[in-house]
Amino acid sequence: MQFNHAVHTGEQNGMTCDMCHEFTENGSFKGIPTIAKCTECHSAAIGSTESEKVLVEQFVTPHKEIPWKVYSRQPDNAYFPHAAHVKRAEIKCEECHGPHGSSNTLPVYQVNRISGYSRDIWGRNISGLPSHPWEGMKMDRCVRCHAERHRDDSCLDCHK
Amino acid sequence: MQNATETTAVLIAISEREKRPMNITRRELLTFAGGSILGALFTPIPWKLLDDSAIWTQNWSLIPRLPRGPETFTFTGCTLCPGGCAVKARRVNGHPVSLVGVAGHSLSNGILCPMGIAGHHLAYHPLRLRRPFAFTGKGADSPLVPSTLDEIASNLAPMLKDIRSSSSKGTIAVLDQRPGRVLSDLYRKFVSNFPGGIYAVAPGSEDPTLTTLRALCNTTEGTLGYDLENTRVILSFGAPLVDGWSTPGRTVKLLQNRNQNGLKLIQVEGVQSRTALQADTWLPIMPGTEAALALAIGGVIVRQNLFPAKIEKTSPDFHTYKTLVSKFEPEDVAAVCGIPSSVISETAHALASNPSVVMSGYDPAGGPLDSATETVIAGLNVLLGNIGRTGGISLHPPIPSPGATTSPAVGLAQVPDHSVRLLLIDGAESGHTYPLSLLKRKLTADGGTVVMLSPYLSSRSALADYLVPSPAAFESLEEISTPPGARRSSFALSLPLLKQPDTTVDPATLLAKLAGASGLPSVGAETVESCLRQRAHDIWLSKRGTLATPTGSSQTPVMAMASEEELWKGLSEGGWWVDNMQDKQVNPRLTLLGLMTPDRYDKASAPALDTTGTLKLIPFGWRNATMTASVAPVLSKLFQESHLRSLGGRVHINPSTLAANALSDGAYVKISTHSGNMTAQAVADPSVIPGVIHAIVGPSPNNTASKDRPEAEGILGLCAVRDDGSWRITEATIAKA
Amino acid sequence: MDRQFIPRSLQRSSFTRFAAWILPWILLLGLGLYAMYLCLAEGLNQTNMDNRFAFGLWIYLDLTVIALGAGAFFTGFLLYILRREELKAVINSAVVLGLICYSGAVAVLMVDVGQPLRAWFTFWHPNTHSMLTEVTFCLTCYLTVLAIEYVPVVLKNRKLRQIPRFLVFEFELHKVMPVFAGIGTFLSFFHQGSLGGLYGVLVGRPFAFREVLGIWPSTFYLFILSAAAVGPSFVLLTTWLVQKLSGKQLVKPEVLRFLGKVSGWMLIVYVLLKTVDTLYWINHTAPAEGAPAYTFYTSPGFGTWILFAEIILLGLLPAIMLLSKRLRERPAVLVSAAFLACCGIVMNRFVMTIQTLALPTLPFDQMMSYVPSWQEIATFLAIVAYGVVLYSLSFRYMTLFPQERDIRQ
Amino acid sequence: MEQTAQSKSRYGMVIDLDRCTGCGVCMVACAVENNVAPAEQKATERTGVTWLRVYPVSNGEGFPANDSVFIPMTCQQCGNHTPCVSVCPQNAVEVDPSTGIVGQIPQRCLGCRYCMTACPYHARYFDWWDPQWPEGTEALLNPDVAPRMRGVAEKCNFCHGRLHAARTKAAAAGRKEIAAGDYVPACVESCPSRAIVFGDLADETNEVSRLSRSINTFQFLPKLGTAPKIFYHSAKEWVRKMADRAPLA
């Protein structure tokens with residue numbers, strides 16, 4: 001299953017991130033949308049692309065969830081409230097997730113066999129030195145950003 | 001990446017040498033090895049590996065993944081015992097992750113007990129029955145053989161047909177552990193199709209004092225209940241009011257607010273139980289002398305004319321009672337039961353000068369007191385004129401139902417011995433347990449045949465020939481009907497939180513199968529849900545009572561409801577219905593002794609305080625925690641991982657008694673009664689009266705492993721069951737094991 | 001083959017005899033390694049430690065062997081810094097002993113922690129306030145130092161000398177040895193002390209807690225002293241033992257006497273300060289924490305006799321025996337005094353680790369007991385076996401006692 | 001979170017021992033809330049994991065003068081020289097400056113158990129076994145609390161998962177501070193006799209800080225000077241005497 005963010009966020013549609021990646025009423029973040037969300041627009045094929053055809057035939061019509069891979073999945077022991085960062089601190093999605101909103105294809109999902117983390121958590125470079133400011137989602141990244149904002153934090157603020 | 005270049009360099013060096021005849025010296029090899037190791041340290045590789053391996057230990061597969069998904073809340077009710085507390089379940093991905101009480105619920109006051117708060121784990125108990133089983137032989141050591149519902153039905157068919165034709169070789173009986181449900185009506189309807197068919201209620205499924213009182217008032221209609229909200233003095237003969245009595249939230253809250261409501265609790269008990277600790281007065285009594293105490297109190301009331309004058313006229317046996325109590329002078333009784341005469345008369349005055357209630361305790365494992373004692377305890381209520389008065393005992397209308405239930409309910413004790421050829425035991429739990437011998441004696445000489453509905457493999461399973469897995473708590477749609485001792489009738493639904501495994505059998509389905517096998521018109525054609533809808537329908541027709549929203553925020557009179565659907569919808573959202581109908585008039589002709597003859601009471605025969613020779617073996621249980629299978633595994637926090645609750649099989653004995661028998665704390669002792677003997681660990685416990693073996697009946701973690709055979713009955717197997725169905729006290733001796 | 005490695009002009013038993021001696025120990029070591037594997041694979045439920053006895057036999061062992069291993073640094077200190085040349089006779093042996101004790105301790109620690117793969121966090125996210133951080137850093141550093149000190153002993157081996165580069169290296173290394181001895185001494189002071197601090201800082205354990213002098217609790221200094229005091233005694237004791245076992249005289253008697261004398265002096269100072277510390281603790285520290293000292297000694301097994309045994313019987317007595325020249329002359333007295341001194345520290349470490357945890361802290365609590373599981377004991381024995389094996393090999397193939405050659409056998 | 005960085009709270013409890021009936025629901029609620037696994041077969045009261053443990057304590061008198069009290073003992077959240085914090089070699093334990101809650105990070109812990117020897121309240125527990133949930137109950141775990149692996153120490157953190165939830169809720173509503181009612185630990189919520197009062201001790205006006213200063217209120221081992229934030233209350237004199245006594249005295 002391919003997904004083209006650019007088509008959705010581009011000029012003719014001009015959707016924003018939070019239109020699909022929503023919050024629930026109790027403030028928790030829903031993350032990757034369910035098929036129900038796709039169906040809202042794609043109940044029937046709008047365009048004529050191959051991947052949309054697949055979407056409608058294999059998932060929308062039989063109401064099957066798409067087995068998305070989560071590139072920025074944090075481990076169970078990490079607690080990241082999107083609400084506090086996006087709503088209160090007003091941080092742009094791109095600051096952490098990078099400009100994938102304008103990407104045309106999904107990158108290959110790579111997972112570390114030992115730690116089981118998605119490669120996007122550590123970053124592309126084995127040395128751990130990011131080649132882009134938004135690359136990498138390990139703890140030191142969080143710590144750095146928090147330090148820049150002079151937050152006196154405790155471990156339990158972000159660990160559960 | 002230096003090391004890469006370095007190593008390749010070395011490799012090239014070697015490959016070049018390949019051309020020449022091979023002659024690598026040891027030293028060159030060493031240099032190569034050393035060089036590459038050194039080089040590797042300057043690459044990220046070892047450090048990344050170090051980091052990854054550490055992260056691996058943080059998320060490895062030895063810890064479970066957390067559920068992720070939408071969070072929802074469901075209001076339902078707990079069906080682990082007749083208490084029927086309201087529950088608010090937090091669910092993630094549809095699975096319940098935590099249960100809490102519902103604040104604002106007028107019956108359970110937002111309170112759950114330890115068993116209830118972990119109730120959603122019970123369905124996954126290691127001892128859960130996952131399919132029907134048949135026992136090849138009787139007894140705990142006979143192996144379980146997988147079976148099917150149809151197989152069981154066809155095996156039973158001949159017997160069922162035979163019983164229908166004649167009850168000469170014994171009849172069929174259903175043992176209901178929680179009467180008053182729609183399912184109970186189904187059972188009654190079912191057995192009424194067989195000659196002499198019996199519908200029996202299990203011990204502990206009803207309040208013993210109220211059951212006795214019903215006999216004293218000789219009335220069958222209406223339901224008796226305690227008006228505790230207006231009571232000022234409760235005299236409790238061992239009722240566990242703060243530790244699992246009726247709906248815990250009710251009494252716990254009343255006792256919490258004693259400084260406002262002025263309630264006084266007088267606890268009569270031979271052990272300083274959790275309730276005795278919370279009581280305003282604790283009367284440490286020698287077990288077995290409760291009748292003497294009750295009569296002594298009655299005596300004071302009679303002699304000092306502390307009773308309502310009308311009783312003398314309305315109670316036919318008043319003068320018999322008067323002569324009887326005259327034999328129980330407080331001074332003499334004090335010597336027998338170990339409570340000062342002054343305290344006895346103070347208690348009598350306290351009872352007489354306030355709205356009061358006298359109740360006996362049905363111990364979850366020790367069972368009721370003997371019927372003679374229960375009678376005089378209940379009789380005190382009659383003497384004090386508590387029946388039908390505010391703050392006393394009320395007679396209120398039951399939940400509306402079509403009535404016409406064909407066969408009458410009898411207590412298990414009243415079932416004639418050796419009369420039951422086929423016994424069907426219901427899967428609902430009363431939270432209480434009883435000796436298997438109590439059931440065995442009812443079965444025909446050949447041992448009869450027992451079909452047992454149960455979610456779990458328990459000590460009771462040893463009695464079964466066929467085990468049928470019934471739904472566990474929170475797995476199926478059930479009802480919560482009036483809890484025992486409640487002031488008014490009430491009704492609510494327990495909505496399922498978990499998916500019921502396909503292998504479990506709905507009791508109604510079992511009845512249908514058995515009916516089919518015995519060639520009956522389909523009695524059990526109804527499902528439990530259809531019966532519940534029928535009951536909601538009856539309530540709606542009666543126009544009685546009000547329906548409260550789950551949180552009690554708003555209440556709608558049934559009268560004001562547009563349609564029957566509205567009521568059902570409210571109930572299915574976790575709302576609960578409470579009756580508002582006037583109490584019934586109590587028949588004034590109340591007896592004080594009922595069928596008991598005065599010669600049943602003889603203070604001379606009351607046991608003396610003996611601490612050396614024969615001791616009194618008294619089983620003690622905690623409601624819903626009398627078997628390993630009946631508590632969620634996480635209850636190990638109380639039983640196994642701390643000393644808060646004593647494990648099943650331990651016996652608590654007063655240090656002085658231990659010493660008198662040359663035993664020490666923690667010693668293993670051999671307990672012998674007429675029924676046999678067993679070894680148990682003794683715990684020196686100064687809160688137990690000397691001369692008593694306070695035997696704990698409860699979960700024992702070592703048993704949870706045995707999934708292929710029922711756990712041993714333990715201490716209850718040593719108890720002598722009297723003809724009145726009580727087994728509270730058994731004479732026993734102890735010696736070093 | 002075996003012969004070629006044995007130093008010239010040293011008599012060593014036949015290889016078969018040596019093998020017969022070493023084999024049982026190797027088997028014991030094997031058993032221990034299996035026990036260690038169990039603990040790492042199954043988890044620490046293999047031990048009899050529990051939430052109340054969170055430290056057990058192993059920590060006790062670590063504290064003890066590291067104290068006994070102090071012989072290495074203190075002898076080094078006397079030889080290279082204070083220039084007591086006569087100690088050349090035992091320095092090699094002392095270094096081997098030190099290496100054994102320290103490496104053994106670290107090995108056990110790695111099994112003792114629940115998540116060994118995260119042990120390196122201590123270096124990455126160190127808590128500078130923790131005594132254990134101090135211990136970890138010093139131990140690892142000093143272990144390296146010991147290894148370096150051990151290298152020349154190995155390189156001196158007859159066969160290895162044939163490689164000229166090694167010979168040069170060994171010679172160079174020898175020149176800087178005082179530097180390493182200095183570093184070693186410095187590090188040792190700290191970790192011996194911080195091992196004492198380990199318990200001294202436990203404000204929640206009135207039995208172990210001690211007032212702070214400077215930045216460390218008094219136990220910090222007492223542990224340094226006691227370790228320095230018995231270190232030489234232990235070297236003395238082992239040397240004597242090796243002499244008995246090998247049936248050879250390896251060092252001149254006066255060397256042992258000197259060791260004894262040093263031990264004696266240190267011990268007397270230690271006993272003195274320990275007494276002062278104990279008195280202050282009884283009369284001030286413990287009561288201030290709401291636990292009168294007498295309550296520590298009410299339970300049967302742990303009476304006040306412990307204090308007496310620790311300070312008088314196993315402290316003052318051996319000190320006197322070692323200090324009196326007349327007594328010191330008599331080998332029997334010398335050796336038994338050294339033995340008593342070692343017992344003293346074994347007992348002191350026991351009291352600090354085990355009794356501290358056995359004593360209740362909550363008012364309604366009772367005395368705790370603990371019996372190690374076979375896995376714990378096997379691991380313990382494995383360290384002993386490892387020590388014997390490593391020492392035996394060193395003794396056979398290296399020159400641990402330079403004087404052995406000169407002494408007429 | 002910003003909303004706590006600015007507010008300095010000191011969360012604490014006052015436990016009324018006269019109200020506690022020793023039913024044990026708090027211990028079960030705690031285990032369910034914090035994903036503490038049921039006991040391993042061989043676990044005992046010394047190797048089990050009970051973040052909150054209720055100790056039955058007797059006055060030592062014979063029958064019938066005997067009297068007992070139930071003492072819920074949890075992490076006392078020491079506010080001064082917190083014994084377990086200073087000893088941890090790798091900063092796996094710390095006091096949150098904004099809440100006063102003593103936090104334990106199992107993912108950082110190496111399992112040396114030094115903190116457990118340091119804690120005078122025995123409120124810290126070690127995972128001697130891998131956690132084992134009966135088949136099927138993994139799906140019933142609380143998503144707000146990470147399960148701990150074998151070989152680390154764990155303890156009460158005032159149901160920190162609930163604090164997270166309250167903060168998320170506040171942040172979503174654009175509030176700085178959390179609503180007091182949104183943050184209640186499981187034991188407090190589940191106590192049938194309402195024996196535990198929880199709240200911010202720093203806020204002089206609220207009930208918990210008032211009760212903490214009321215008569216017949218005491219702490220365990222106050223002389224250690226660790227300023228525990230769990231207070232106990234009892235009108236019974238023998239209970240207060242017992243709490244003040246030295247062990248084995």
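Start where chains D and B meet: the contact takes 52 residues from chain D and 56 residues from chain B. Residues count as in contact if their C-beta atoms, placed from the backbone, lie within 7 Å. This is a predicted model: local features need pLDDT of at least 70, side-chain atom pairs count only at pLDDT 80 or more, and totals for chains, interfaces and linings use all residues. Residues are numbered from 1 along each chain as its sequence is written, while chains are lettered from A and ligands numbered from 1 in the order in which they are written.

Stay on chain D. Helices (H or I, at least four residues) and strands (E, at least two) are DSSP runs, numbered from the N terminus. H2(D) gives the largest share of that side, 7 residues.

Next, chain B. Find the open sheet of 4 strands, ordered S11-S10-S9-S12, with parallel pairing. Strands pair if DSSP finds at least two bridges between them. At the edges are S11 (281-284) and S12 (356-360) of chain B, each pairing on one side only.

Zoom in on S10 (residues 264-269) of chain B. S10(B) and S11(B) pair in the parallel sense over 4 bridges. Here B:Ile266 stands opposite B:Thr281 in S11(B).

Now select helix H15 (residues 341-352) of chain B. H15(B) lies across S9 (233-237), S10, S11 and S12 of chain B, at about 130 degrees to S9(B). Axes are lines fitted to C-alpha atoms, for helices over the stretch in contact; angles run from 0 to 180 degrees between N-to-C directions.

Conventions. Two residues are in contact if their C-beta atoms, placed from the backbone, lie within 7 Å.
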